[in-house]
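Dear colleague,

Here is the structure I said I would pass on. My notes on what was found in it follow below.

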Amino acid sequence: DNLAVITSGSINFTGESQTLQDLCDAIGSSTLKTIIVSSAYTLTEETTITKNITLTFVNSGAITLGAYNLIFSGNYPDSPAKKIFNENSTGKVSGLSFAMPEHWGIDGTADQTEINLCILAAASNGTCRGRGAYNTTATIAIMHDDANLTNFTFDFKGATVYSNFLGAIITVGESTNTYSTEFNRIWLPDIFNDAAGAVIGFKEIGINTTQNDYYFGQLSNDYFFDNASTRQANSIGILQFPGGIGNYRSRYWNAAPDGWDVGWSMGYDFTNSTWATEGANRTYAYNPRVRYHDTYGIYVGFCAGCRILGYDFENAHVAGAKDLYLAYDVTRPVSGIVARGESETIATVAVEIEDGSWYNVIEVNPHGKAITDNNTVGKNAIRYNSDWYAYNFYTTYLHSNLTNQTLYVEDFTVFQATGTGYGIRVNDNV
């Protein structure tokens with residue numbers, strides 16, 4: 001038997017006027033029942049929908065929360081992609097196993113508001129799914145502000161987000177370092193930035209933001225392409241900026257930042273020239289592709305034990321850009337990096353390793369790129385395997401006084417070594 005919320009806002013149950021909570025209490029927690037919400041209803045007390053009860057929304061059916069919480073118990077509403085929740089005050093929806101941002105009323109303006117409400121309502125063990133086109137004017141924040149976020153699924157595969165504000169378009173992690181964000185599956189939408197300036201496409205932050213899987217769609221700085229390739233200084237496609245314990249063991253799948261000043265930065269925020277308080281340690285990046293970067297493709301600034309596997313750099317925007325750059329700061333080590341991939345354009349430096357960045361294994365297949373290892377002590381293993389073009393620079397350059405360095409060269413061919421170009425130059429005392 002179906003029970004109905006009727007037009008008057010009262011609930012028809014054995015002829016008596018009761019609240020939605022009264023109706024749920026009468027049903028109990030074991031009998032399977034459906035409550036049909038066919039018109040507007042406003043909560044007058046905190047209400048819990050136990051797992052045996054399904055709320056079905058038809059016609060103009062919707063619930064306004066006001067100051068009262070609507071708490072689900074791992075169940076979900078039966079509704080198409082339309083507005084059914086009105087969070088107009090302090091009351092919140094929580095405990096959903098599945099929700100869509102459209103349930104809060106997507107209207108194409110500041111859609112991050114509804115998306116963030118969807119995230120908080122589903123939270124741990126739930127799914128927030130988006131399939132449409134969304135316009136944002138502030139950050140989509142994948143986190144929970146008063147609890148840990150675990151085993152959550154953000155499923156925006158095939159969706160599109162258009163953003164036109166300065167800041168991070170999507171963040172994962174909680175900024176006050178109070179709660180963890182871990183063991184989550186994040187299917188990101190296609191992201192297009194239309195704002196000029198130091199924008200961040202995707203940012204991982206917070207204490208103990210660990211063991212998440214990030215699956216990327218497009219990550220495009222459209223302002224760059226729409227404005228005659230105008231460089232947007234300090235814009236970043238992906239930024240890992242840990243706090244406290246740090247970001248550990250997260251897996252990035254098929255990330256493709258396109259048209260950013262810095263494609264990917266681990267541990268250093270170029271937008272405000274600040275270092276993270278902890279390393280983006282043991283990050284696993286699978287098949288990243290970086291295109292049209294201005295300064296750095298991937299900047300490894302504060303990271304230990306990271307893996308960057310199957311990378312592909314192509315079409316760097318300016319001469320002198322560095323595809324893979326391993327930085328060094330005395331208090332922020334870069335070590336234990338394993339990187340394997342290709343660099344396909346002539347204008348950039350394929351790999352540059354700063355003095356003090358040690359114990360790294362780099363295997364690169366460069367096409368006409370310089371390789372620079374600035375270490376005075378060495379301790380890196382570098383493997384090259386390609387046909388190279390040397391145009392007035394050293395295809396491979398090893399710093400003076402270098403010891404304990406392992407260099408493997410296979411199938412080495414130099415074409416068109418003009419001017420002062422060298423295939424390989426090894427300085428004195430190496």
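**Confidence**

This is a predicted model. The protein chain has a mean pLDDT of 85, with 81% of its residues reaching 70 or more. Residues 5-16 fall below 50, and that stretch has 27 contacts in the model beyond near neighbours in sequence. Residues 387-395 are also below 50 in pLDDT; there the model has 52 contacts beyond near neighbours in sequence. Please keep those values in mind when you look at either stretch.

**Strand S31**

Strand S31 covers residues 262-266. Five of its five residues are buried, so S31 is largely enclosed by the rest of the structure. Strand S27 (residues 236-242) runs parallel to S31 and is joined to it by four bridges. In this pairing, Ile 238 stands opposite Trp 264 of S31. Four bridges also join S31 to strand S36 (residues 296-300), and these two strands run parallel. Here Met 266 is opposite Val 300 of S36.

**Phe 57**

Phe 57 belongs to strand S7, which spans residues 53-57. Its relative accessible area is 3%, under the 20% cut-off, so Phe 57 counts as buried. What does Phe 57 contact, leaving aside its neighbours within four places in sequence? The residues are Val 37, Ala 62, Ile 63, Pro 77, Asp 78, Ser 79, Pro 80, Lys 82, Ile 84 and Phe 85. Ser 39 is 18 residues from Phe 57 along the chain, and their C-alpha atoms are 8.3 Å apart.

Regards

Definitions and conventions: Residues are numbered from 1 along each chain as its sequence is written. This is a predicted model: local features need pLDDT of at least 70, side-chain atom pairs count only at pLDDT 80 or more; totals for chains, interfaces and linings use all residues. Side-chain values use heavy atoms; hydrogens and water are left out. Buried means under 20% relative accessible area, exposed over 50%, partly exposed in between (1.4 Å probe, protein chains only). Contact means heavy atoms within 4.5 Å. Two strands pair if DSSP finds at least two bridges between them. pLDDT is the predictor's confidence in each residue, from 0 to 100.
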